[in-house]
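Subject: Handing over the structure, with notes

Dear colleague,

I am passing this structure on to you, and below it you will find my notes on what was found in it. Please read them with the model open beside you.

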Amino acid sequence: MRISKRLAAAASAAVFVLMAGSAMADGEKVVIGTEGAYPPFNNLEADGTLTGFDIDIAKALCVEMKAECTFVTQDWDGIIPALIAKKFDAIIASMSITAERKEKVDFTNKYYNTPPAIVVPKDSPITEATAAALQGKALGAQGSTTHSNYAEAHMKGAEIKLYPTADEYKLDIANGRIDAVIDDVVVLSEWLKTADGACCKLLGTLPIDPVINGDGAGIAVRKGDDALREKFNKAIEAIRANGKYKEINEKYFPFDVYGS
C-alpha cells in the first residue's frame with residue numbers, strides 16, 4: 001500500500017477532475033499540481049482520490065473563482081519544473097514562500113503558516129529539539145523542502161539523510177534506521193496519531209527562520225501570471241471572510257493554521 005501510493009503520487013499523468021458547480025462548466029480552466037504524498041495536507045488515497053487540507057482549500061478557491069479545475073499529481077522534486085513547463089497552472093501543495101523559490105515562480109499571499117518540528121522514537125535519549133542535542137545523530141528530512149534546508153543550515157552537526165517523500169523517512173525512523181526527523185509540526189503531529197506513528201513522539205517545535213521557512217505556504221504560479229495570482233488572492237480573502245476557510249480548518253485541525 002505504502003509503495004504503490006508513492007508510485008502513484010509520482011505519476012504526473014494521473015489527473016483528478018473537480019467541476020466547480022455545473023454552472024461553472026464554461027468558466028476558466030485551471031490545472032492544479034499537487035504532490036499527493038503529504039498528509040494531512042495532500043494525499044493520494046488507495047482508491048485514487050485526492051484528500052487533505054490543500055485539496056479542500058483548492059476546491060473552495062476554484063468555486064469562489066467560478067473556475068473549472070483539474071488536479072495533477074507530481075513528485076515534489078519535479079513540481080516547480082513541471083509548473084514552468086506548463087504541465088499545470090498552479091501548485092497547491094503546502095509550498096513555503098521563500099526567496100529562493102521566488103526566483104523561479106510567483107506566489108499568492110499565504111494560506112497557512114505553521115512551524116517546523118522534531119520527532120524522535122519514544123525511547124530516544126534525545127531530550128531537546130536543538131542542534132546540540134542532535135549532534136552526531138541521523139536526522140531525516142524530505143529533500144528539496146524548507147525542512148531539509150533548515151536542517152542543513154541549523155543542524156550542521158547532525159548526519160542529515162534526505163528522502164524523496166515523507167513516507168520514506170517515516171518508515172526509516174519507525175524501523176530504527178535514523179534517530180530523528182524534521183518536518184512541519186502539523187504533518188508530524190497527525191502522523192503520530194496513526195498506527196504507523198506509534199513508534200515516536202514530538203520532541204518540540206523549532207524557531208522559524210524567515211529566510212528559510214519564508215512567509216507561510218502559498219500558491220505558486222508561473223512568473224508573470226499576475227492575473228491568476230490575483231484571482232487566487234481574492235479567493236483566499238473571500239473564503240477567509242465567508243467562513244469557508246474556518247470550516248475546512250476545523251475539519252482537519254483543532255487550532256488555526258493560518259497563523260499570525
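Is Ser144 buried, partly exposed or exposed? Ser144 is partly exposed, because its relative accessible area is 44%, and in these notes buried means under 20% relative accessible area, exposed means over 50%, and partly exposed lies in between (with a 1.4 Å probe and protein chains only).

Before going further, please keep in mind that this is a predicted model, in which local features need a pLDDT of at least 70 and side-chain atom pairs count only at pLDDT 80 or more, while totals for chains, interfaces and linings use all residues. Residues are numbered from 1 along each chain as its sequence is written, and side-chain values use heavy atoms, with hydrogens and water left out.

**Backbone details**

Ser144 is found in the loop between β10 (138–142) and α5 (146–154), where helices (H or I, at least four residues) and strands (E, at least two) are DSSP runs numbered from the N terminus. The phi of Ser144 is near 60°, a positive value in a residue other than glycine. Lys86, also not a glycine, has a positive phi of about 70°; Lys86 lies in the loop between α3 (79–84) and β7 (90–96), and counts as exposed because its relative accessibility is 62%. A positive phi, near 75°, is found in Gly176 too, which follows α6. In helix α6 itself (residues 166–174), the buried residues are Ala166, Asp167, Tyr169, Lys170, Asp172 and Ile173. The peptide bond that runs from Pro39 to Pro40 is cis, with omega near 5°, and Pro40 sits in the loop between β3 and β4.

**Aromatic rings**

A pair of aromatic rings is described by the distance of the centres and the angle of the planes. Here, rings of Phe, Tyr and Trp (its six-membered ring) pair if their centres lie within 6.5 Å, and planes under 30 degrees apart count as stacked, those over 60 as edge-to-face and the rest as tilted. The structure holds twelve such pairs, and one of them is formed by Phe41 and Phe53, which are edge-to-face at 5.9 Å centre to centre with 85° between the planes. This pair links distant parts of the chain, since Phe41 is in the loop between β3 (37–38) and β4 (42–44) and Phe53 is in helix α2 (residues 53–65), twelve residues apart. Phe41 counts as buried because its relative accessibility is 0%, and Phe53 is buried as well, with a relative accessible area of 0%.

Phe53 also pairs with Tyr245: the ring centres are 5.9 Å apart and the planes stand at 90°, so this pair is edge-to-face. It, too, links distant parts of the chain, with Phe53 in helix α2 and Tyr245 in helix α10 (residues 244–252), 192 residues apart. Tyr245 counts as buried because its relative accessibility is 2%.

Ring pairs link a cluster of residues, among them Phe41, Phe53, Tyr245 and Tyr258. The charged end of Lys110 sits over the ring of Tyr258, 4.3 Å from its centre, and Arg240 lies over the face of Tyr258, at 3.6 Å from the ring centre. A charge sits over a ring if NZ of Lys or CZ of Arg is within 6 Å of the ring centre and within 35 degrees of the ring normal.

**Disulfides**

A disulfide is a covalent bond between the sulfur atoms of two cysteines, and here it is taken as a pair of cysteine sulfur atoms within 2.5 Å. The structure holds two disulfides. Cys62 and Cys69 form a disulfide with sulfur atoms 2.0 Å apart; their link is left-handed, with -100° about the S-S bond, and both cysteines are buried. Cys199 and Cys200 form a disulfide with sulfur atoms 2.5 Å apart, and the torsion about the S-S bond of Cys199 and Cys200 is about -90°, so this disulfide is left-handed. Cys199 counts as partly exposed at 23% relative accessibility, whereas Cys200 is buried, with a relative accessible area of 4%.
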